[in-house]
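Hi,

Here is the structure I promised to pass on.

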Amino acid sequence: METLSVDHLLGIKDLTKEDINLIFNTADEFKDVINRPIKKVPTLRDITIANLFFENSTRTKLSFELAEKRLSADVINFSSASSSVKKGETLVDTVNNILSMKVDMVVIRHPNPGAHQFLSRHIDAKIVNAGDGAHEHPTQALLDCFSIKERLGEVAGKKVVIVGDVLHSRVALSNIYALQKLGAEVMVCGPATLIPKYIGALGVKVEHNLQRALEWCDVANMLRIQLERQDSKFFPSIREYTMQYGLTMNHLNNLKKEILVMHPGPINRGVEITSEVADSSQSIILNQVENGVAIRMAVLYLLASKINR
Amino acid sequence: MQPREIINTTEFNLVIKRLAFQLIENHTNFEDTVLIGLQSKGVCLSDRLQQVLQEINPELKINVGYLDITFFRDDFRRTNKPLIANETKINFIIEGKKVVLVDDVLFTGRTIRAGLDAMLAFGRPSLVELLVFVDRRYKRDLPIQPTYVGKVVDSITSEKVTVEWKEVDGKDKVLMYSSEK
């Protein structure tokens, strides 16, 4: 039986190319399911999943919750803002308390990189990383690659540029791993202050000029400027950032080819991307969101198959 | 041990023809009737039936769909059945239609149970019938009986019956594998 090589989805780094393709093939069928009049299958009817969000999220949390419900799992939600975490409980205690309510899988977002790795050694449930600090966001990278594959037929051989705040981005790191495992070429583009110093060691190209980066690529993945993670100034002003790295229709019109425009959301319209670009036919931002549900269904389904009865 | 051929090619085609005539007897011009083959081997049978029905009466327009039951199984996490689903392709609404579910081998009835469940995502049929090529009686886990049967085979649980198709396996035949290997 073809199955995942891992017991938890902690990061793309741990996955093999075969794992990613297995997830894609499964997601294809789930995409079919969620486009039917009845968008639900009974597969995980005896599984309980806890969504633990120690950090804010709208899209990812909704997407996971919808994926879980489409698979008929029972779902409980937790967000740290309204919980005992504020009263001083440790992570393992919080999670173990939740697990003693007989939970089989945990989807977790945590501000500390590696929180998932730590938990996977201490608790007995399947763990899905929904973002850990500026480290990894594996399901986002999977859905990004899935969306590229859907539009361009193949990920291998494609040139993808990741533009913007790479330094604070977990989407960037997961995307670099996933794209490279699938055989794509990756470039990062942004102001020098927002590009990690040793990123070249990952085998990616670095470019500081947006127009040149766009001329090189087939796909541009525009990242959000994460103002909430910036305790010091990395660029003089938002306006200056937008002048240099904001994607506009002018950029796209000056290219001799048509490129795909992606964005992991939430969009800051008029900052990293203008409204015209975000709403243009080259933008696949809303397809990404739709594919997110199918990809998360596939990940949950494949990991659930490893739960012992 | 070598498998035993329990239906040869000539017999095989006779059986399909008989099933096709039985369908015509009950559904005349297939106006409100659709065939749904269960992935993966039931699809071979539904395609073949469509072909034979059209040879008998070229005027017939028959809707044929494929249904995959992977996500509807009742043995998820309990067996090593494949995780990846095959394509479900039903380009019509089955609301109010007569549905003939088509599968190659009927054994415990659990696949058909899952098929009935999966089918409901496409509407509420007015009638559901079941057509199988081989009915392995004596080992039903559920109260499910076929409407049309190609051949009844008596076998024990440890034996295995497989239907082979010329499109997939090179030759039309039905084989029985005995318990000792």
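Strand S7(B) and strand S8 (residues 173-177) of chain B run antiparallel and are joined over five bridges. (Helices, H or I of at least four residues, and strands, E of at least two, are DSSP runs numbered from the N terminus; two strands pair if DSSP finds at least two bridges between them.) Within that pairing, Val163(B) sits opposite Val174(B) of S8(B). Both strands belong to an open, antiparallel sheet of three strands in chain B, ordered S1-S8-S7. Its edges are strand S1 (4-7) and strand S7 (160-164), each of which pairs on one side only. From one strand to the next the twist averages 30°, taking axes as lines fitted to C-alpha atoms (for helices, over the stretch in contact) and angles from 0 to 180 degrees between N-to-C directions.

A word on the source: this is a predicted model, where local features need pLDDT of at least 70 and side-chain atom pairs count only at pLDDT 80 or more, while totals for chains, interfaces and linings use all residues. Residues are numbered from 1 along each chain as its sequence is written, and chains are lettered from A and ligands numbered from 1 in the order in which they are written.

Four of its five residues are buried, so S5(A) is largely enclosed by the rest of the structure. (Buried is 20 or more other C-beta atoms within 10 Å of a residue's own, exposed is 12 or fewer, partly exposed is in between; C-beta atoms are placed from the backbone.) S5(A) pairs in parallel with strand S6 (residues 185-189) over five bridges, and Val163(A) has Cys189(A) as its bridge partner there. S5(A) also pairs in parallel with strand S8 (residues 219-222) of chain A, over four bridges, with Val160(A) opposite Val219(A).

Most residues other than glycine have a negative phi, and most peptide bonds are trans. Phe30(B), however, has a positive phi near 60°; this residue is in the loop between helix H1 (9-27) and S2 of chain B and counts as partly exposed, with 19 C-beta neighbours inside 10 Å. Tyr138(B) has a positive phi too, near 80°, and is exposed, with 12 other C-beta atoms within 10 Å.

There are cis peptide bonds to look at as well. One joins Gly265(A) and Pro266(A), with omega about -10°. Another joins Gln39(B) and Ser40(B), with omega about 0°.

Cheers
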